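Please consult the sequence and structure shown below.

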Amino acid sequence: MLDHVGFAVSDAEASRHFYAAALAPLGITLLMTVPAHENGSGGTAHGFGRGDDPFFWIGDNERVGEGTHIAFRAATRAEVDGFHAAALAAGGRDHGAPGLRPHYHANYYAAFVRDPDGLNIEAVCHAPA
């Protein structure tokens with residue numbers, strides 16, 4: 001199951017305004033902003049979604065086209081660990097070892113890899129340990 005998707009934009013603030021207006025009729029709103037100094041990526045990220053589930057992300061931390069990102073939802077932290085190990089064994093490149101990312105929320109346990117084309121692929125578990 002997909003957890004969320006994201007891609008790079010040239011101007012996070014301009015795109016935030018655009019998507020806030022365009023997605024409002026669908027009931028999708030801005031739920032979270034992660035400033036550059038908090039996410040370590042060098043840019044601002046905006047998460048849109050419904051309720052408390054930001055499932056669509058835009059950010060200006062990478063060049064347009066390079067910031068393509070997809071996250072697969074894992075049921076357990078062990079699945080996240082397994083994903084990371086299997087992806088590296090299959091030729092992926094580490095882009096963030098398994099671990100907690102509390103700047104998203106307290107139980108956000110994820111791992112990131114770059115696929116053979118450099119796309120940012122993530123597995124994430126939201127359950128407590």
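Leaving aside neighbours within four places in sequence, Phe56 is in contact (heavy atoms within 4.5 Å) with Val5, Phe7, Tyr19, Leu23, His46, Gly47 and Phe48. The model is predicted, with local features requiring pLDDT of at least 70 and side-chain atom pairs pLDDT 80 or more, whereas totals for chains, interfaces and linings use all residues. Residues are numbered from 1 along each chain as its sequence is written, and side-chain values use heavy atoms, without hydrogens or water.

Phe56 belongs to the largest nonpolar core, whose 7 residues also include Val9, Tyr19, Leu23, Ile28, Phe48 and Ile58. Such a core is a set of buried Ala, Val, Leu, Ile, Met, Phe, Trp, Tyr and Cys residues joined through side-chain atoms within 4.5 Å; buried denotes under 20% relative accessible area, with a 1.4 Å probe and protein chains only. A second, separate core has 6 residues, among them Val80, Tyr109, Ala111 and Cys125.

**His69**

His69 counts as buried because its relative accessibility is 12%. Its side chain forms polar contacts (N or O atoms within 3.5 Å, one able to donate a hydrogen and the other to accept it; residues adjacent in sequence count only if both atoms are side-chain atoms) with the side chains of Asn120 at 3.1 Å and Glu122 at 2.8 Å. Beyond four places in sequence, His69 touches His4, Val5, Gly6, Phe112, Asn120 and Glu122.

Definitions and conventions. Buried < 20%, exposed > 50% of the residue type's maximum accessible area, 1.4 Å probe, protein only.
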